[in-house]
Amino acid sequence: MKKGKALEQLVSAIQDHLKNCPDTDIQTNVTFQNLSGNKREIDVYVRTKIQGMDFGIAFECKEYAEPVGITLIDEIIGKFVDLPTIDKKIMVTSTGYTLGAKK
């Protein structure tokens with residue numbers, strides 16, 4: 001399988017599942033302005049209602065040759081820290097995570 005295709009298929013499957021939910025909007029490569037005024041791009045952003053409450057889910061997709069380490073996890077956390085419209089943050093990778101990143 002071509003590099004990156006498996007990850008794209010996984011994210012596509014998630015999108016296909018969520019698109020049938022009422023009041024759900026799915027966007028890719030969405031730019032947000034954070035509370036500090038900086039622009040941040042999110043790979044996949046899902047806005048939906050869960051039990052009548054608005055809920056934002058961000059997916060960051062990473063395709064690397066090796067497992068993702070703690071440094072990248074810290075970077076992603078920093079990216080999301082002041083984006084208040086994002087309630088759930090999910091990082092997707094096709095290569096897994098190092099032990100330090102899992103902890």
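Leaving aside its neighbours within four places in sequence, which residues is Thr 93 in contact with? They are Leu 7, Lys 62 and Val 68, where contact means heavy atoms within 4.5 Å.

## The model and its ground rules

What you're looking at is a predicted model, so local features need pLDDT of at least 70 and side-chain atom pairs count only at pLDDT 80 or more, while totals for chains, interfaces and linings use all residues. Residues are numbered from 1 along each chain as its sequence is written, and side-chain values use heavy atoms, with hydrogens and water left out.

## Overall layout

The chain has three helices and four strands, and from the N terminus on they run α-β-β-β-α-β-α. Helices (H or I, at least four residues) and strands (E, at least two) are DSSP runs, numbered from the N terminus. The C-alpha trace spans about 40 × 35 × 25 Å along its principal axes.

Of the 103 residues, 33% count as buried; buried means under 20% relative accessible area, exposed over 50%, and partly exposed in between (1.4 Å probe, protein chains only). The chain exposes about 6,800 Å², with carbon and sulfur atoms supplying 52% of that. Those areas come from the Shrake-Rupley method with a 1.4 Å probe, and for residues only the protein chains shown count as cover. Among contacts between residues at least 6 apart in sequence, 53% join residues at least 24 apart.

S1 and S2 pair in the antiparallel sense over eight bridges (two strands pair if DSSP finds at least two bridges between them). Ile 26 stands opposite Val 46 in S2. The two strands form a hairpin with five residues between them, and Gly 37 in the turn has a positive phi of about 90°.

There's another positive phi to look at. Most residues other than glycine have a negative phi. Asn 29 has a positive phi of about 50° although it is not a glycine. This residue sits in strand S1 and, at 48% relative accessibility, counts as partly exposed.

## One aromatic pair

A search of the whole structure turns up one aromatic pair. The rings of Phe 32 and Tyr 45 have centres 4.8 Å apart and planes at 75°, so this is an edge-to-face pair. For reference, rings of Phe, Tyr and Trp (its six-membered ring) pair if their centres lie within 6.5 Å; planes under 30 degrees apart count as stacked, over 60 as edge-to-face and the rest as tilted. The pair links distant parts of the chain, with Phe 32 in S1 (residues 25–33) and Tyr 45 in S2 (residues 39–50), 13 residues apart.

Both partners are buried: Phe 32 at 15% relative accessibility and Tyr 45 at 6%. Not counting residues up to four places away in sequence, Phe 32 touches Asn 38, Lys 39, Arg 40, Ile 42, Tyr 45, Leu 83 and Thr 85.

The largest nonpolar core has 14 residues, and Phe 32, Ile 42, Tyr 45, Phe 80, Leu 83, Ile 86 and Met 91 touch the most other members. S1, S2 and helix H2 (70–80) each supply at least two residues of this core, and the largest share, four residues, comes from H2. A second, separate core of eight residues includes Val 11, Leu 18, Val 44 and Val 46. A nonpolar core here is a set of buried Ala, Val, Leu, Ile, Met, Phe, Trp, Tyr and Cys residues joined through side-chain atoms within 4.5 Å.

## Phe 59 and its surroundings

Phe 59 is in strand S3 (residues 53–62) and, at 5% relative accessibility, counts as buried. Leaving aside neighbours within four places in sequence, Phe 59 is in contact with Ile 14, Ile 42, Asp 43, Val 44, Val 46, Ile 90 and Val 92. Thr 71 is twelve residues from Phe 59 in sequence and 18 Å away, C-alpha to C-alpha.

Ile 90, in strand S4, is 31 residues from Phe 59 along the chain, yet their C-alpha atoms are separated by 4.8 Å. With a relative accessible area of 29%, Ile 90 is partly exposed. Its contacts, again leaving aside neighbours within four places in sequence, are Ile 57, Ala 58, Phe 59 and Glu 60.

## Back to Thr 93

Thr 93 lies in strand S4 (residues 88–93) and is buried, with a relative accessible area of 14%. Its side chain reaches the backbone oxygen of Lys 62 at 3.2 Å. The side chain of Thr 93 also makes a polar contact with the side chain of Thr 95 (3.2 Å). A polar contact is a pair of N or O atoms within 3.5 Å; within protein, one must be able to donate a hydrogen and the other to accept it, and residues adjacent in sequence count only if both atoms are side-chain atoms.
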